Amino acid sequence: MRDLYEAQRAMRQARRAAMARGVLAVLDIGTSKVTCIVLQFDGPGQFRESDGVGPMAGQSSFRVIGQFTTQSRGVRYGEIETMAETEHCVRHAVQGAQKQAGVRVDHVIATISGARPASYGLAGEIALRSGKVTEEDVAAALAACEVPDFGRNRDVLHAQPVNFAVDARSGLSDPRDIVGDRLAVDMHVLTIDGFAASNLVQCVQRCDLELAGVGSAAYAAGRAALVEDEQELGAACVDMGGGVTGVSLFLKKHMLFADAVRMGGDLVTRDISAGLRVPLATAEWLKTRHGGLEATNRDDREMIDVTPERDEHWDGERRTVSRADLIGIMRPRVEEILDGVREVLEVAGFDQMPSRQVVLTGGASQIPGLDGLAMRILGQNVRIGRPLRIHGLAQQHTAPCHAATVGLALHAANPQDEWWDFEMPVERAGVVGLRRAYRWFRNNW
Amino acid sequence: MSGLKHLTAAFSAAAPPAPARRPGARPPPAARTARREPGPSRLAYRLNRLWLTPFYRRLLRIGLPLLLVAAVTGLWLSDETRRANLTGGVAALVENIQSREAFMVRKMEIEGASPAVDRALRAMLPVNLPASSFDIELRDLRQAVERLDAIEKVEFRIRPGGILSAVVVEREPAILWRHARGLDLLDAQGHRVASVTSREVRRDLPLIAGEGAARHTGEALALIDAAGPILPRLRGLERVGERRWDVVLDRGQRIMLPTERPLPALRRALAMDREDALLARDVTVIDLRDPSRPVLRMGLAAQNTLRRAAGLPEIDADGNLIEPEEGGAKTAAAGNAARRGG
């Protein structure tokens with residue numbers, strides 16, 4: 001745990017350095033696309049009071065000056081599988097964004113979508129020595145959390161305190177300076193596969209970039225696609241990506257749970273390709289251009305020409321498929337994905353949430369008719385979410401498939417407190433002896 | 001069924017069967033060129049990032065062209081002949097422009113100078129006319145000319161038509177100064193104008209004498225102005241001890257003025273002269289060095305007159321008593337000397 005603490009702190013340092021320099025890149029390495037956007041931090045004061053722009057949770061302090069999306073290769077289920085190809089794609093995306101921005105980017109915040117996330121809720125409790133809560137007490141309480149066995153080679157991606165309680169008062173978001181005897185904390189820890197995380201670090205390093213933070217794609221998508229009330233009252237964000245469908249639960253503006261279903265939009269394309277015997281490119285085109293989930297009578301008559309290109313292995317035959325066939329292939333697979341999401345939500349205890357809002361986002365959420373299907377499977381409160389608009393983002397990047405990117409930009413500008421943002425308690429630090437000697441000296445003389 | 005048969009027959013009649021194709025005769029599919037993966041190579045990526053770094057960007061955009069230009073120039077100039085050609089060409093060009101008709105100076109006109117100064121000025125010109133105006137540095141020339149004692153101010157100007165005009169203001173001699181090294185003419189500010197051989201050259205000018213007198217010419221002139229009634233008798237002023245003035249009159253008379261405020265003291269002496277005709281009497285020195293206590297030194301005749309009236313023996317020019325008896329004269333002389341010292 002200690003190495004990870006140091007690593008995360010180093011990344012926080014890098015992030016701070018990037019903010020001081022004013023330029024930070026957000027890199028979303030997905031299964032189907034790699035997006036890089038370059039943020040420029042101008043600091044507060046860009047807008048005047050009279051412009052009618054408030055602080056907006058840190059959004060007004062940055063703008064997007066470069067953005068580039070390229071097809072992703074070498075990624076499966078949100079994990080890097082072929083390093084060289086992924087690296088190539090990342091270089092392409094970063095170079096494109098740099099070119100548009102006109103500045104060199106050194107620091108990068110990356111998302112990781114797959115890598116078998118696992119959520120843990122930890123609880124810790126300490127007695128307050130000074131009669132009120134100080135910053136050290138918070139750190140000590142966080143350190144006092146009982147850490148379960150995460151399993152072999154798991155890395156902690158997020159460790160966010162979600163709830164504080166002083167004596168009997170629970171639900172505090174900032175317990176500092178509150179008077180009491182005992183401080184209890186609930187912490188949400190998200191762990192991912194260590195090898196996947198190392199691969200991501202390796203990939204970024206091979207592109208001569210410095211990693212200034214890693215965020216879960218599901219968490220980032222939730223921050224971008226959920227409106228503030230939904231985050232406060234409780235909602236689930238379903239980020240339907242190409243290889244992985246991420247699920248995150250939010251309550252009181254904190255992520256309580258995150259998981260991923262290892263199915264996504266690419267699986268639908270594969271089904272179409274196999275079912276209609278068309279190349280993958282054609283299948284992708286069919287899915288995005290003509291896809292749907294609710295068949296009507298008209299769809300039987302709507303024939304789609306899928307004749308391959310002449311210079312390919314064309315056997316002289318013209319082929320058409322009806323849209324009903326296409327829908328017939330897509331619907332079961334999407335249902336399966338949503339079933340997986342429902343299972344995850346059941347495990348997470350979504351039924352006990354006060355507001356059972358489900359927000360679908362991500363690239364696969366653009367299938368027409370998905371909200372109707374999802375309503376039947378996930379419950380009545382379903383909507384398709386688009387990411388928040390941020391300053392300078394191009395039109396093509398406001399689509400739902402870039403929710404994680406936008407969310408990570410928000411996360412970069414205004415990060416949530418994590419465990420490693422607090423000073424490690426002295427008992428765990430290396431300079432124990434010196435501090436203890438100093439304290440003894442001060443107390444006794 | 002029969003209709004179908006008929007149709008088939010019609011088809012077979014209309015379209016001849018496709019020619020049998022040898023197996024393997026099918027044209028091979030055109031070899032597709034492998035699609036290049038988009039995205040930069042590692043080298044291109046690194047170069048691009050380098051290019052986006054401001055330092056390298058500046059280095060390449062400014063430093064490299066500068067280096068190239070410097071290298072080319074250096075290489076070209078490394079040859080002795082080329083360097084000589086270049087400097088020669090430039091010098092020729094400059095010479096060509098400077099020696100144009102429009103820049104030539106042919107004549108020198110001098111205004112307000114006496115013949116001697118005129119000759120000196122013409123001799124001081126550094127070049128022989130006609131010359132280019134670029135070769136005549138007017139400021140340096142002016143400074144050199146103004147170093148001459150006889151010239152107070154000079155203005156040079158090159159007028160159209162190639163005329164170098166000089167307007168000279170000469171120093172006006174106001175006073176004569178006799179000192180240990182000779183006799184000088186000074187202007188009103190005490191600046192030397194010229195040397196003269198004798199007083200007779202300028203009888204019209206007043207005379208001052210003594211070391212350091214030149215530095216107080218203004219005071220001397222004011223004193224001479226104030227000496228109106230005795231001006232015909234005035235021989236000159238003498239600076240004593242570089243400190244104060246003596247007014248020297250004929251008949252060996254002298255007015256000793258104080259260091260401070262000599263002018264009122266002189267006026268006082270003149271007033272005494274007007275009241276009592278002091279200077280017409282036998283008075284050698286009017287000593288006004290202490291303005292509150294004027295002292296007169298009388299001549300020998302006056303002293304003897306007084307002594308005769310008092311019944312005392314007369315004295316000669318050396319202050320010795322003239323006595324019928326020698327011994328008495330000796331004691332009187334000793335007593336007189338003691339009284340003087342007191």
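## A buried histidine

A:His402 counts as buried, because its relative accessibility is 5% and buried means under 20% relative accessible area, with exposed over 50% and partly exposed in between (1.4 Å probe, protein chains only). The model is predicted: local features need pLDDT of at least 70, side-chain atom pairs count only at pLDDT 80 or more, and totals for chains, interfaces and linings use all residues. Residues are numbered from 1 along each chain as its sequence is written, chains are lettered from A and ligands numbered from 1 in the order in which they are written, and side-chain values use heavy atoms, leaving out hydrogens and water.

A:His402 sits in the loop between β18 (382–384) and α12 (403–413) of chain A. Helices (H or I, at least four residues) and strands (E, at least two) are DSSP runs, numbered from the N terminus. Leaving out residues up to four places away in sequence, A:His402 touches A:Lys33, A:Thr35, A:Thr69, A:Pro387, A:Gln396 and A:His397. Contact means heavy atoms within 4.5 Å.

## Nonpolar cores

The largest nonpolar core has 47 residues. Such a core is a set of buried Ala, Val, Leu, Ile, Met, Phe, Trp, Tyr and Cys residues joined through side-chain atoms within 4.5 Å. A:Leu27, A:Val90 and A:Ile112 touch the most other members. Helix α2 (residues 83–101) of chain A gives the most to this core, seven residues.

Neighbours within four places in sequence aside, A:Val90 contacts A:Leu27, A:Ile29, A:Val34, A:Cys203 and A:Cys207. A second, separate core holds 40 residues, including A:Val247, A:Val321, A:Leu373 and A:Ile377.

## The interface of chains A and B

18 residues of chain A contact 13 residues of chain B. The two chains bury about 1700 Å² between them, 43% of it on carbon and sulfur atoms. Buried area is the accessible area (1.4 Å probe) that two parts lose on being put together, summed over both. In chain A, A:Arg91, A:Gln95 and A:Arg104 lose the most area to chain B, together 34% of what that side buries.

Three salt bridges link chain A and chain B. A salt bridge is a side-chain nitrogen of Lys or Arg within 4 Å of a carboxyl oxygen of Asp or Glu. A:Asp208 forms one with B:Arg46, the closest N and O atoms being 2.7 Å apart. α2(A) supplies the largest share of the side of chain A that touches chain B, eight residues.

## Chain B

Chain B has 10 helices and 14 strands. Of its 342 residues, 29% are buried.
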